[in-house]
Amino acid sequence: MRGDGDRLSTGIGGLDTILDGGLLPRSAYLVRGGPGLGKTTLGLNFLAAAGDEGNALFIGFQEAEDQLRTNAASVGIDVDSIRFLSLAPDEEFFTGQQGYDVFASADVEQQPLAELVVSAVEAETPTRVFVDSLTQLRFLSSDVFQYRKQVLSFLRFLRDRGATVLFSSESSRDLPDDDLQFMADGVIALGRDDIGASLSVTKFRGSGFREGPHQMRVSARGLEVFPRPSPPESKLTEQQRGIWSTGIAAFDDMLSGGLEAGTVSLVTGPSGIGKSTFASLFVAQALRRGTRAGIYLFEEEMASYLTRTEGFGIELREPAREGRLTIEQIEPMRYLADEFALRVREHVDKEGVELVVLDSIAGFELALDGEGIKARLHALAKSLARVGVTVLLINEIEAMSGQSSISERSISYLADNVICLRYVELDGEMCKSISVLKKRLSDFDHTLYAFELNEGSIRRGEPLRGLGDGLMTAQARQRNP
């Protein structure tokens, strides 16, 4: 499987995207990282992706061939076309108590190993080679200078014979691999940080690439890489922007007609006040217009959500059944944040989704385990908005009433529009209110209105005027007559 144009696929779609199509031929790339992060799996994917392009050769210093084949099969990698050269010590090395009294082990073992590698390369003439790992050559060299010369000579030997080389390293504080990073044409680093397991390309000669870190997972499906969304240039001019409405004139009037296409809106308020129901009005109206929408539920069960919206006269079940509405129940702990973002973008690109509701930000944050919410949400929302998709973010604040911020996650800067639902106390009763706090692209109604959800209907009530001061602190004080 080739990459794009003169690129070579790594066999991992997400990594190819990060590398702008794949690796450059006849170059040597270092894969570095700690144990268990997927270096060998990445190398096997790279070799298996050769297809009919040419032969693929695995040169290993640690694992026996049968063990490598078993491990590859467990993650679904077909290695039947790969030639294995295992240079790992067998049991006879231990049982035979091999040792050297006069010569250093490096002087005795280095030459046979080199002859085996040369013989395999000349016999197979591989177009792809994975070496796992070049760190082992360090122990067969008399000094650092000799080791570096051997590595450079080895890589040149492979490239001069038409091979693209991937090689791994085992780095530690005592045995750093800085020298290998300098010698490589590119460096792919696997690691763990505050977003979990991640992949970063830190060097890639002759090409651009997407900077990381990018989330990844090593599982029974092998190594999966999820490129971090990178917001493109905006495709919409102000003249091209359409308007998304609720279909209810009173609400649309507050928004000067509705929400502009390609904007990000924050619907914020405490639990149970009606944020999701209000957002579903935009979805229902979009479906009436014949456009596609996507709803991603992180908290409420889908059956409950569909039944509840039906109770307010908002029909979503049938459009979802017909395929006109994408609605998914998202289990936060199942998805990585970048994996979820990639899924949404695929729905936009392949299914034509133009309106996305993310319900809620708290669920998205749970997928991140509380880390990096601003950067990840910014990348997702802006990537969608700049290709013309309108995004509604449902945000829950903890305060039921009283003074509170728009968002307790400091993400209000991201929103082009902010719609605030909150409780206010009037005559000893808690009432719901709705107001528009921000709208970047047009004017809006600054009035605070009653918001009513009852008897199967959703409506805007009367303006909360003339009732006194302090409504926004949830405690109205009657003005002096």
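Visitor: Which residue stands opposite Leu453 in β20?
Guide: That's Ile458. By the way, this is a predicted model, where local features need pLDDT of at least 70 and side-chain atom pairs count only at pLDDT 80 or more, while totals for chains, interfaces and linings use all residues. Residues are numbered from 1 along each chain as its sequence is written, and side-chain values use heavy atoms, with hydrogens and water left out.

Visitor: How many bridges join β19 to β20, and do they run parallel or antiparallel?
Guide: Five bridges join β19 (residues 449-454) to β20, and the two run antiparallel. Strands here are DSSP runs of E with at least two residues, helices are runs of H or I with at least four residues, and both are numbered from the N terminus. Two strands pair if DSSP finds at least two bridges between them.

Visitor: What actually holds paired strands together?
Guide: Strands of a sheet pair through backbone hydrogen bonds, either parallel or antiparallel.

Visitor: What's the strand order in the sheet with β20?
Guide: Going across, you get β14-β13-β15-β16-β12-β17-β18-β19-β20, an open sheet of nine strands with mixed pairing. β14 and β20 (457-463) are the edge strands, each pairing on one side only. On average, neighbouring strands are turned by 20° against each other, direction ignored. For angles in this model, axes are lines fitted to C-alpha atoms (for helices, over the stretch in contact), and angles run from 0 to 180 degrees between N-to-C directions.

Visitor: Which strands of this sheet does α13 touch?
Guide: Helix α13 packs on the sheet and touches β13, β14 and β15 (353-359). Contact means heavy atoms within 4.5 Å. The direction of α13 makes about 155° with that of β15. Helix α15 packs on the sheet too, touching β12 (264-269), β15 and β16 (390-396), at about 150° to the direction of β16.

Visitor: Back to β14: is it mostly covered or mostly exposed?
Guide: Mostly covered, since four of the five residues of β14 (residues 325-329) are buried. Buried means under 20% relative accessible area, exposed means over 50%, and partly exposed is in between (1.4 Å probe, protein chains only). β14 runs parallel to β13 (residues 292-297), with five bridges joining them. For one, Ile295 has Ile327 in β14 as its bridge partner.

Visitor: Okay, new topic. How many salt bridges does the structure hold?
Guide: There are 22. A salt bridge is a side-chain nitrogen of Lys or Arg within 4 Å of a carboxyl oxygen of Asp or Glu.

Visitor: What partner does Arg32 have in a salt bridge?
Guide: Arg32 pairs with Asp177, and their closest N and O atoms are 2.9 Å apart. Arg32 lies in strand β1 (residues 28-32) and Asp177 in the loop between β5 (164-169) and α8 (178-183), so the pair ties together parts that are 145 residues apart in sequence.

Visitor: Are those two buried or partly exposed?
Guide: Arg32 counts as partly exposed because its relative accessibility is 22%. Asp177 counts as buried because its value is 2%.

Visitor: What about Arg376, which residue does its side chain meet?
Guide: The side chain of Arg376 meets Asp338 in a salt bridge of 2.7 Å, N to O. Arg376 is in helix α15 (residues 373-385) and Asp338 is in helix α13 (residues 337-351), so this pair ties together parts that are 38 residues apart in sequence. Both residues are buried.

Visitor: And which residues are linked in a salt bridge network?
Guide: Arg217, Arg221, Glu224 and Glu339 are linked that way.

Visitor: What's the order of the sheet that starts with β3?
Guide: β3-β2-β4-β5-β1-β6-β7-β8-β9, again open, with nine strands and mixed pairing. Its edge strands are β3 (82-86) and β9 (222-226), each pairing on one side only. The twist averages 20° from one strand to the next.

Visitor: How many bridges join β4 to β5?
Guide: Four, and β4 (residues 128-132) runs parallel to β5. Within that pair, Arg128 has Thr164 in β5 as its bridge partner. Helix α3 (residues 65-74) packs on the sheet as well, touching β2 (56-60) and β3, and its direction makes about 135° with that of β3. Helix α13 turns up here too, touching β8 (214-219) and β9, at about 100° to the direction of β8.

Visitor: Last one: how many disulfides are there?
Guide: Zero in the whole structure, where a disulfide is a pair of cysteine sulfur atoms within 2.5 Å. As for cysteines, Cys420 counts as buried at 6% relative accessibility, and Cys431 is partly exposed at 26%.
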